[in-house]
Amino acid sequence: MISIKNLHASIEDKEILKGIDLEVKAGEVHAIMGPNGSGKSTLASVLAGREDYDITKGSVTFENEDLLELSPEERAQKGIFLAFQYPVEIPGVSTTNFLKTAINQVREARGEKALDAVNFLKLMKEKMKLVDIDQSLLSRSLNEGFSGGEKKRNEIFQMAMLEPKLSILDETDSGLDIDALKIVADGVNKLKTKDTATIVVTHYQRLLDYIVPDYVHVLYKGRIVKSGDKSLALELEEKGYDWIKEEVAAV
Amino acid sequence: MSTDDQILEEFTSKEYEHGWSVDFEADEAPLGINEDIVRFISAKKEEPQWLLDWRLKAFDLWQNMTEPKWPNVKYPKIDFQAIRYYSAPKQDKKPKSLDEVDPELLKTFERLGISLQEQKRLTGVAVDAVIDSVSVATTFKEKLSELGVIFCSFSEAVHEHPELVKKYLGSVVPANDNYYAALNSAVFSDGSFCYIPKGVRCPMELSTYFRINAANTGQFERTLIVAEDESYVSYLEGCTAPQRDENQLHAAVVEIYAAKKAEVKYSTVQNWYPGDKNGKGGIYNFVTKRGICAGDHSKISWTQVETGSAVTWKYPSCILKGDNSVGEFYSVAVTNNHQQADTGTKMIHIGRNTRSRIVSKGISAGKSQNSYRGQVEIMKRAENSRNFSQCDSLLMGDKCGAHTFPYIDIKNKTAQVEHEATTSKIGEDQIFYCQQRGIDEETAVALIVNGFAKEVMNKLPMEFAVEAQKLLALTLEGSVG
């Protein structure tokens, strides 16, 4: 589905990603772990198309298309979804109104007819049940005055509504208590199909107890320094990141 | 280039939609102003002597006044002798009904999106259309008159209801109120008159569309709304002008009189030509709008969406004279390119238990300057009066300015006055968040801006709200390239 080759990215002349190689196929869940400042969130932002970063080298192909040529909205329209670490507040715009605008622009880009009010509501009801979110939250201004848990749940709800092919969860577990974490993970699991893929960016392994990855990659100083299966995450949980740093230093 | 800068670039290339003009034969006064011009206008309108005298007195006052300098706007000195004070589309005879109105004129209004023919058929909104200086057609007149509602052009009211005009003209905005009110009083050409008798709830929105068409012409219309005891009316006003390189002056006066338990809701969507992206041309919009809640328990509510004009200078105000009367002001002012707006309101609390509410949303883009200026005055007798003011500013880019000038004057200790103000910038983060969900930049900006202005937009009548929303998006839209 997505193929990242030797990706280098910098911000204000400081190189953050120093050659990332990653291959994600449909049906797979990949976890990107790593200590703070290793470039995890940068990778998520670059894939979503944030313009603050300069791509200096490498390529990203999404469904046989050069992803780096596309604007952020085109990437979203083609099925890339980023669950933000810090969801943004938009005063005066309800989640419902926001999603209606988003879904209909996505549909227009795909040459589909806009959803009318009745069908939109139907879709909303269905997805609300799926991620267990309250109607009252959706009529409030987007993310304004939401608790941390509400914001993250709202992100997963948006993901459910937009039905992306590739979902990137950027530190979705940060700031969540264990109950909220379970609800969010549960939503992600329900949305998983054999045709979709998920990249979970996280600092801690606890989220991976609930969203079980097929592959775990450790990002350190802008490179993937170690890859493995779920057991790697458990090893990191137990031993921390220092042994990885030592290993890298020894090379 | 960052996202913000790009959007900014796009805004600056936005074109004015109503910038066309139509050549009809016009019946005009020579350029300039003097006593003879005032007499000429009055004679053209076949006015009674008392009104001519009233005009001449106003002209005399105006000559001894000086232009106000306190608004936070800059523009070259206006040459009042280079303006034409009267221009009327020529019609062979006065139209008795809509079917006799010049088809060219009707086409003009259709291009503006106001089909008068259509208006005649659909129930909903009664329209009085004023082009340059003259009211050309009023719809639904008969239907309204069955209820005793008078809705007609100002000139017509002078002839048919002189006692009402005489009683209320200048009663809320006297001729000597300010420089432009005095000028208007001397040379006003037409406008709308509206009278709601006691106990009548006007069943439809009354609406006036103003259009400046001729070159070098000033528009000086006058609107007078009188709501008798326990009556209700919702009034809408819309305006556009052709795109011209020179600046044109619009100096209108609106007066509202609300008797006991009467309620008047006045909504404006102002879209005068704002000038081009370099600041050339555009309308100077110097308007005096004021209402008096004369009776107890009366209410006047102003809602305005200001998107046009090169320079705007306008403070729709309420004099809360009756006990328990209520004044409201809801405003969205958008400035872009080189536009300047100094707008706000005055709430003068005279009666007991009077309440006022001010919600002002300023949006500045390009190199524009947007000022809120508001005055809340609580007089000695105004026991238990309350005011709440909220002024929010939204900035786009770093070349524009937002300013707030609140004046509060309290002479009664029992008053409660609150003022809240915020300033924010449309963030790259907000735009990126929208884009990540598949929404393009332009729609994202429109969404964010409409969200910001929502509290005010919600106060507009339904059919107007849709138009205003589109207009907001349009004002801030550019050719994406």
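In the predicted model, His8(A) has Lys57(A) in β4(A) as its bridge partner. This pair belongs to two strands of chain A, β1 (residues 2-11) and β4 (residues 54-62), which pair in the antiparallel sense over seven bridges. In a regular strand, side chains alternate between the two faces of the sheet.

Strand β4(A) is also joined by two bridges to strand β5 (residues 65-66) of chain A, and these two strands run antiparallel. Here Phe62(A) is bridged to Glu65(A) in β5(A). With two residues between them, β4(A) and β5(A) form a hairpin. In its turn, Glu63(A) has a positive phi of about 50°.

Between the chains, 21 residues of chain A are in contact with 18 residues of chain B. On the chain A side, the elements that give two or more residues are α2 (72-77), β7 (90-94), α3 (95-109) and α6 (148-162). The largest share, five residues, comes from α3(A). By class, this side of chain A has 13 nonpolar, five polar and three charged residues.

Within chain B, helices α10 (residues 428-436) and α11 (residues 441-452) pack with their axes 9 Å apart, at an angle of about 120°. Angles of 65 to 115 degrees count as roughly perpendicular and those over 145 as roughly antiparallel, so α10(B) and α11(B) are oblique to each other. The crossing of α10(B) past α11(B) is right-handed. From α10(B), the residues Gln430(B), Ile431(B), Cys434(B) and Gln435(B) meet Glu441(B), Ala444(B), Val445(B), Leu447(B) and Ile448(B) of α11(B). This helix contact has six nonpolar, two polar and one charged residues.

Conventions
Residues are numbered from 1 along each chain as its sequence is written. Chains are lettered from A and ligands numbered from 1 in the order in which they are written. This is a predicted model: local features need pLDDT of at least 70, side-chain atom pairs count only at pLDDT 80 or more; totals for chains, interfaces and linings use all residues. Two strands pair if DSSP finds at least two bridges between them. Helices (H or I, at least four residues) and strands (E, at least two) are DSSP runs, numbered from the N terminus. Two residues are in contact if their C-beta atoms, placed from the backbone, lie within 7 Å. Ala, Val, Leu, Ile, Met, Phe, Trp, Tyr, Cys and Pro count as nonpolar, Asp, Glu, Lys and Arg as charged, and the others, Gly among them, as polar. Axes are lines fitted to C-alpha atoms, for helices over the stretch in contact, and angles run from 0 to 180 degrees between N-to-C directions. Angles under 35 degrees count as roughly parallel, over 145 as roughly antiparallel, 65 to 115 as roughly perpendicular and the rest as oblique. A crossing is left-handed if the near helix is turned anticlockwise from the far one by less than a right angle, and right-handed if clockwise.
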